[in-house]
Every structure is written in C-alpha cells, then in structure tokens.
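I opened a new notebook page for this chain. My plan was to go from the overall fold down to single side chains.

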Amino acid sequence: MDPMISLGQKNTLAEYMILSGADNRPPMLDKDLYDSWKSRMELYMKNREHGRMILESVEHGPLIWPIVKENGVIRTKKYAELSAAEKIQADCDMKAANIILQGLPTDIYSLVNHHRVAKDL
C-alpha cells in the first residue's frame, strides 16, 4: 500500500482508518490465529500510554495493594492513598483487562468476562 494515500481516490474503510491514525481498538481474536493475535495485542498494548506497565500486568499480574495499620486495624490502602506510581500501576491493571476483553469475540467474552485480572484472562 502506498504510504501516502490520496483522499481523492475511492478508499476502503481500512485505508481511511490508516489515514486518520485509528488505533483505538485492540485486535480481535481469531480463534485459529491465537499466536498472531497475541503478538498484535502485545504491540497494541506497548503502543498505549504506560504500555510496558500494561503488558507487565498481563504477564506478571496486578499491583499487590499495600496495607496500612490504622487505629490498630490493618486494611488495604484506598486508591486515594496510593503513591503516584501505584496509582498508575493500578490504572494500567484495569486497562490491561479492558484491552483484552475488547479484543475477544462475544462467545469467548461471555466465558471470561467475570475475571477482573488481566493475567487470569
């Protein structure tokens, strides 16, 4: 494909998407081409803001939320109490799960949508 596609030509929808830089949807899983989908999904994740953190969430699991002792009671920190880096990681954990779920066909999505952790997906 010509890297400079003319808008005057009759273009396909895919060409218009390339022209507009549309990369807002993750690749859809084709059950027969899992390895290809996995590779494209990794590239898609890496291309997001904090992409390496998103991919690490998939490969190694989510942030283990820190605990705090308050009035003699141990509890998990609330989101507002996390450090800036921990907040980014928590957000990346959520993004990772959402990206994977958006890349699944309906029949597979319905089997796994109860999972909230990307590594489990």
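My entries follow, from the whole chain to single residues.

**Entry 1: the whole chain.** I noted at the outset that this is a predicted model. I then looked up the secondary structure. The protein chain has five helices and two strands. I read their order along the sequence as α-α-α-β-β-α-α. Next I checked burial. The protein chain has 121 residues, and 27% of them count as buried. I also looked up the accessible surface, which is about 8700 Å² for the protein chain. Carbon and sulfur atoms hold 56% of that surface. Last came the contacts with a separation of 6 or more. In the protein chain, 46% of these join residues 24 or more positions apart.

**Entry 2: helix α2.** I turned to α2, which spans residues 34-46. This helix has 13 residues. From first C-alpha to last, α2 reaches 18 Å, close to the 18 Å expected at 1.5 Å a residue. Which residues of α2 are buried? I found Trp37, Met41, Tyr44 and Met45. They cover an arc of only 95° around the axis, so they sit on the same side of α2. On the other side of α2, I found Asp35 and Leu43 exposed. What covers the buried residues of α2? The cover includes α3 and α4.

**Entry 3: aromatic pairs.** I counted two aromatic pairs. Tyrosine 34 and tryptophan 37 form one of them, with 5.8 Å centre to centre. Their planes make an angle of 45°, and the pair is tilted. Why can these two meet within one helix? Tyrosine 34 and tryptophan 37 are three residues apart in helix α2, so about one helical turn separates them. The general rule is that an α-helix has 3.6 residues a turn, so residues three or four places apart point the same way. Tryptophan 37 is buried, at a relative accessible area of 7%. Tyrosine 34 is partly exposed, at 44%.

The other pair is tryptophan 65 with tyrosine 79. Their ring centres are 6.5 Å apart and their planes lie at 45°, so I logged this pair as tilted. Buried or exposed? Both turned out partly exposed: tryptophan 65 has a relative accessible area of 30%, and tyrosine 79 has 37%.

**Entry 4: a charge over a ring.** I went back to tyrosine 44, already listed among the buried residues of α2. The charged end of arginine 48 sits over the ring of tyrosine 44. I noted 4.3 Å from that charged end to the ring centre.

**Entry 5: positive phi.** Histidine 50 has a phi of about 60° and is not a glycine. I placed histidine 50 in the loop between α2 and α3. Histidine 50 counts as partly exposed, at 32% relative accessibility. Asparagine 71 is also not a glycine, and its phi is positive at about 55°. I placed asparagine 71 in the loop between β1 and β2. Buried or exposed? At 77% relative accessibility, asparagine 71 counts as exposed.

Conventions: Residues are numbered from 1 along each chain as its sequence is written. This is a predicted model: local features need pLDDT of at least 70, side-chain atom pairs count only at pLDDT 80 or more; totals for chains, interfaces and linings use all residues. Side-chain values use heavy atoms; hydrogens and water are left out. Helices (H or I, at least four residues) and strands (E, at least two) are DSSP runs, numbered from the N terminus. Buried means under 20% relative accessible area, exposed over 50%, partly exposed in between (1.4 Å probe, protein chains only). Contact means heavy atoms within 4.5 Å. Accessible areas come from the Shrake-Rupley method with a 1.4 Å probe; for residues, only the protein chains shown count as cover. Rings of Phe, Tyr and Trp (its six-membered ring) pair if their centres lie within 6.5 Å; planes under 30 degrees apart count as stacked, over 60 as edge-to-face and the rest as tilted. A charge sits over a ring if NZ of Lys or CZ of Arg is within 6 Å of the ring centre and within 35 degrees of the ring normal. The expected span of a helix is 1.5 Å times one less than its number of residues. The arc is that of the directions from the helix axis to the C-beta atoms.
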